[in-house]
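Please read the points below with the model open beside you.

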Amino acid sequence: MDVFGKALKDYYQGNRTNKLWLHNDYGEPEEMPLDIFFRQGNDLPKLEQLALNMCEGSILDIGAGAGCHSLILQAKGFNVTALEISDPACEIMRNRGIMKIINKDVLQYQGEKFDTLLLLMNGIGLCEDLNGLHTFLQHMKKLSKPDSQLIFDSSDISYLYADHNMPRFKYYGEISYQYEYQNIKGNWFKWLFIDYTSLAEIAGENGWFCQLIYEDDMDQYLVRLTLKDNSLVDPD
């Protein structure tokens with residue numbers, strides 16, 4: 001069952017009495033506020049506003065959720081496509097008026113090429129682990145035009161281990177999560193948080209130049225990746 005999608009749909013339809021919980025492998029369950037997926041422009045933090053202001057040309061909003069970023073970009077006149085794996089989330093976006101929606105796993109999509117590839121709210125976490133990040137960065141070349149940009153944010157979560165040892169057999173930013181809603185639990189899934197130094201190194205290994213755009217006081221940062229060699233883009 002798509003527990004996350006069910007929670008989003010209920011919230012959108014006005015049923016807001018139940019909470020979405022996020023279990024993890026490092027501590028106590030945390031509530032996932034559903035209203036953050038329906039924010040408008042003035043509600044966005046500085047990091048996300050900067051990211052949207054950097055967008056240009058045709059845009060692929062990867063992991064679009066309920067479409068808050070796509071709606072803002074569409075209202076500004078951009079040619080934006082929202083890509084989202086959750087069926088209920090895509091239904092919500094259609095009802096909210098988003099014109100172009102792809103209901104698919106981004107790693108399975110090989111269609112149009114874009115000027116801007118966008119992942120916000122740590123959307124890069126969908127890579128799951130460091131190996132997955134390598135795979136993702138290679139796949140993004142298939143969706144890139146010669147002068148494309150890849151924009152996303154992430155966090156250094158080393159602070160979680162301030163009082164105990166780092167994991168011994170995996171990168172510390174590889175976290176396992178499980179959604180729970182109305183006493184129904186979804187499958188466990190992996191999500192990646194990556195420190196900037198590691199990201200820049202992996203990006204370079206995969207042919208991307210990594211530029212740090214913004215960093216806040218909560219260990220969150222925004223980056224812009226561009227291809228070092230435009231010939232690396234897959235031909236049409």
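1. Strand 3 (residues 59–62) and strand 4 (residues 80–83) run parallel and are joined by 4 bridges. Two strands are taken as paired if DSSP finds at least two bridges between them. Strands (E, at least two residues) and helices (H or I, at least four) are DSSP runs, numbered from the N terminus.

2. The model is predicted: local features need pLDDT of at least 70 and side-chain atom pairs count only at pLDDT 80 or more, while totals for chains, interfaces and linings use all residues. Residues are numbered from 1 along each chain as its sequence is written, and side-chain values use heavy atoms, with hydrogens and water left out.

3. Strand 3 also has strand 6 (residues 114–119) as a parallel partner, through 3 bridges. Here Asp-61 has Leu-118 as its bridge partner. Together with helix 3 (residues 68–75) and strand 4, strand 3 makes a right-handed β-α-β unit; right-handed means that, with the strands pointing away from the viewer, the path from the first strand over the helix to the second runs clockwise.

4. Buried means under 20% relative accessible area, exposed over 50%, and partly exposed in between (1.4 Å probe, protein chains only). In a regular strand the side chains alternate between the two faces of the sheet.

5. The largest nonpolar core has 52 residues, and Leu-20, Phe-136 and Leu-225 are among those that touch the most other members. Helix 1 (residues 3–12) gives the most to this core, with 5 residues. Apart from it lies another core of 14 residues, including Cys-55 and Tyr-214. Such a core is a set of buried Ala, Val, Leu, Ile, Met, Phe, Trp, Tyr and Cys residues joined through side-chain atoms within 4.5 Å.

6. Rings of Phe, Tyr and Trp (its six-membered ring) pair if their centres lie within 6.5 Å; planes under 30 degrees apart count as stacked, over 60 as edge-to-face and the rest as tilted. The count comes to 11 aromatic pairs. Phe-4 and Phe-37 are edge-to-face because their ring centres are 5.2 Å apart and their planes at 75 degrees. This pair links distant parts of the chain, 33 residues apart. Phe-4 is buried, at 13% relative accessibility, and so is Phe-37, at 11%.
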